[in-house]
Amino acid sequence: MTAEFVVQGHSLSISCSVRISIFPEHGADGETLIKNADAAMYSAKENGRNRFQFFTEDMNAQVVERLTLENSLRLALDKKELFLVYQPQMDIATGRITGLEALLRWQHPDLGLVPPDRFIRIAENSGLIVPIGEWVVRTACRQARNGKTKGFPPFQ
């Protein structure tokens with residue numbers, strides 16, 4: 001599927017991720033087979049596109065975890081569970097702080113501090129990254145402005 005081909009003078013390339021569930025090992029009815037094939041598809045996409053993936057039982061747990069995190073992440077902004085921490089950027093020659101990098105963190109009420117590597121990809125894949133990104137920019141600017149009024153020097 002990854003070989004290029006020409007259609008009406010245009011060079012095209014198509015790739016695919018194939019999801020596989022097998023009757024009766026992975027389900028006794030069409031609905032279960034499709035649900036399990038969907039779990040295999042998400043796994044194939046997360047492990048790099050252009051591949052095939054057979055369903056395995058542990059994929060259901062991964063899908064449930066991802067859906068749970070996605071649903072919680074949808075509410076995290078309203079519940080004020082997201083916050084920023086700042087990492088200084090240094091000028092090595094002078095040892096002075098030249099700027100601050102805002103880092104997004106998520107304090108989940110039940111899961112505790114959720115690492116970014118567990119929720120950023122979910123935010124990207126679910127379309128939540130845009131409103132979260134807007135919140136990050138607004139919050140960082142507001143906090144920078146508040147710091148300036150409290151006597152801190154301006155930072156990038």
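Helices (H or I, at least four residues) and strands (E, at least two) are taken here as DSSP runs and numbered from the N terminus. The model is predicted, so local features need pLDDT of at least 70 and side-chain atom pairs count only at pLDDT 80 or more, while totals for chains, interfaces and linings use all residues. Residues are numbered from 1 along each chain as its sequence is written, and side-chain values use heavy atoms, with hydrogens and water left out.

The expected span of a helix is 1.5 Å times one less than its number of residues. For the 17 residues of H1 this gives 24 Å, and its end C-alpha atoms are 24 Å apart, which agrees. Its buried residues (buried means under 20% relative accessible area, exposed over 50%, partly exposed in between, with a 1.4 Å probe and protein chains only) are Leu33, Asn36, Ala37, Ala39, Ala40, Met41, Ser43 and Ala44. An α-helix has 3.6 residues a turn, so residues three or four places apart point the same way. The cover over the buried residues of H1 includes strand E3 (18-20), strand E4 (52-54) and H2. Cover here is a matter of contact, which means heavy atoms within 4.5 Å.

Gln53 lies in E4 and is buried, with a relative accessible area of 15%. Apart from neighbours within four places in sequence, Gln53 is in contact with Val18, Arg19, Ile20, Ala40, Ser43, Ala44, Asn47 and Met59.

The 19 residues of H2 should span 27 Å, and its end C-alpha atoms are 27 Å apart, which agrees. Buried in H2 are Met59, Val63, Arg66, Leu69, Glu70, Ser72, Leu73 and Ala76.

Grid points are joined across faces, edges and corners, and a volume is the space filled by probe spheres set on the points. The whole structure has 1 cavity of 30 Å³ or more; the volume of the largest cavity is about 40 Å³. Its lining consists of Ala39, Tyr42, Ser43, Glu46, Met59, Gln62, Val63 and Arg66. Helix H1 (30-46) and helix H2 (58-76) each supply at least two of the lining residues. By class, the lining has 4 nonpolar, 2 polar and 2 charged residues, where Ala, Val, Leu, Ile, Met, Phe, Trp, Tyr, Cys and Pro count as nonpolar, Asp, Glu, Lys and Arg as charged, and the others, Gly among them, as polar.

The second largest pocket holds about 270 Å³ of space. Of its 11 lining residues, Tyr42, Lys45, Glu46, Arg66 and Asn125 lie nearest its centre. H1, H2 and H3 are the elements that give two or more residues to this lining, and H3 gives the most, with 4 residues. The lining divides into 3 nonpolar, 2 polar and 6 charged residues.

Aromatic contacts come next. Rings of Phe, Tyr and Trp (its six-membered ring) pair if their centres lie within 6.5 Å; planes under 30 degrees apart count as stacked, over 60 as edge-to-face and the rest as tilted. By this rule there are 2 aromatic pairs. The rings of Phe52 and Phe54 have centres 6.0 Å apart and planes at 90 degrees, so this pair is edge-to-face. Phe52 is exposed at 54% relative accessibility, and Phe54 is partly exposed at 38%. Trp106 and Phe119 also form an edge-to-face pair, at 5.5 Å centre to centre and 80 degrees between the planes. Trp106 lies in strand E6 (residues 96-108) and Phe119 in helix H3 (residues 116-126), so the pair ties together parts that are 13 residues apart in sequence. Both Trp106 and Phe119 are buried.

Some backbone details remain. Phe23 and Pro24 are joined by a cis peptide bond with omega of about -5 degrees, and Pro24 sits in the loop between E3 and H1. Gln8, although not a glycine, has a positive phi of about 50 degrees; Gln8 lies in the loop between strand E1 (5-7) and strand E2 (10-12) and is exposed at 77% relative accessibility.

Definitions and conventions. 1 Å grid on protein atoms, 1.4 Å probe; cavity = no way out; pocket = protein on both sides within 12 Å on 5 of 7 lines; lining within 4 Å.
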